[in-house]
Amino acid sequence: MDATILGVNDIGFESGNEDITDGRDLPWLQATTDEDVWQDWGVTYRDVWVLDAENVPVGVFNVTGNSLADAANYDALKQLFLDAAAR
């Protein structure tokens, strides 16, 4: 299964972009007033949106309320990725 992971930063938090990307190769996008992805999609802080190959959302998993240190939460997020790959 191939997967691409990227981050999208909310408007107003641009000052942290340099720190979050320093030494990393994770694609990092910045929402703008012209392309306000957070508003358009109804994103909550620390959401993981899983999309299929056609960019259709398969599910949303928030890692603030669902710590990945909990095996059940980890497995649930992993299953979202597997479900997306199976589409």
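D36 is buried (under 20% relative accessible area, where exposed is over 50% and partly exposed lies in between, with a 1.4 Å probe and protein chains only), yet D36 has no salt bridge, and the nearest side chain of opposite charge, R46, is 18 Å away. A salt bridge here is a side-chain nitrogen of Lys or Arg within 4 Å of a carboxyl oxygen of Asp or Glu, and for charge Lys and Arg count as positive and Asp and Glu as negative, while His and the chain ends are not counted. This is a predicted model, in which local features need pLDDT of at least 70 and side-chain atom pairs count only at pLDDT 80 or more, whereas totals for chains, interfaces and linings use all residues. Residues are numbered from 1 along each chain as its sequence is written, and side-chain values use heavy atoms, with hydrogens and water left out.

**Overall layout**

- The secondary structure comes to 3 helices and 4 strands, where helices (H or I, at least four residues) and strands (E, at least two) are DSSP runs numbered from the N terminus.
- Read along the sequence, these elements follow the pattern β-α-β-α-β-β-α, and the C-alpha trace spans about 35 × 30 × 25 Å along its principal axes.
- Of the 87 residues of the protein, 21% count as buried.
- Among contacts (heavy atoms within 4.5 Å) with a separation of 6 or more, 24% are accounted for by residues 24 or more positions apart.

**The loop between β2 and α2**

- D36 sits in the loop between β2 (28-30) and α2 (37-41), and, not counting residues up to four places away in sequence, D36 touches D10, I11 and A31.
- T33 also has its place in the loop between β2 and α2, but T33 is exposed, with a relative accessible area of 72%.
- T33 and V8 are 25 residues apart in sequence, and their C-alpha atoms are 14 Å apart in space.

- Leaving aside neighbours within four places in sequence, A84 is in contact with V50, L51, D52 and V58.

**Strands β3 and β4**

- Strand β3 (residues 47-51) and strand β4 (residues 57-62) pair in the antiparallel sense over 5 bridges, where pairing requires that DSSP finds at least two bridges between the strands.
- V48 stands opposite F61 in β4, and in the hairpin, which has 5 residues between the strands, N55 takes a positive phi near 65°.

**Aromatic and charged pairs**

- The structure holds 1 aromatic pair, and its members, W41 and W49, are tilted, at 4.9 Å centre to centre and 55° between the planes.
- Rings of Phe, Tyr and Trp (its six-membered ring) pair if their centres lie within 6.5 Å, and planes under 30 degrees apart count as stacked, over 60 as edge-to-face and the rest as tilted.
- W41 counts as partly exposed at 37% relative accessibility, and W49 is partly exposed as well, with a relative accessible area of 27%.
- The count comes to 1 salt bridge, in which the side chains of D52 and R87 meet at 3.3 Å, N to O.
- D52 lies in the loop between β3 and β4 and R87 in the segment after α3, so the pair ties together parts that are 35 residues apart in sequence.
- D52 counts as buried at 11% relative accessibility, whereas R87 is exposed, with a relative accessible area of 59%.
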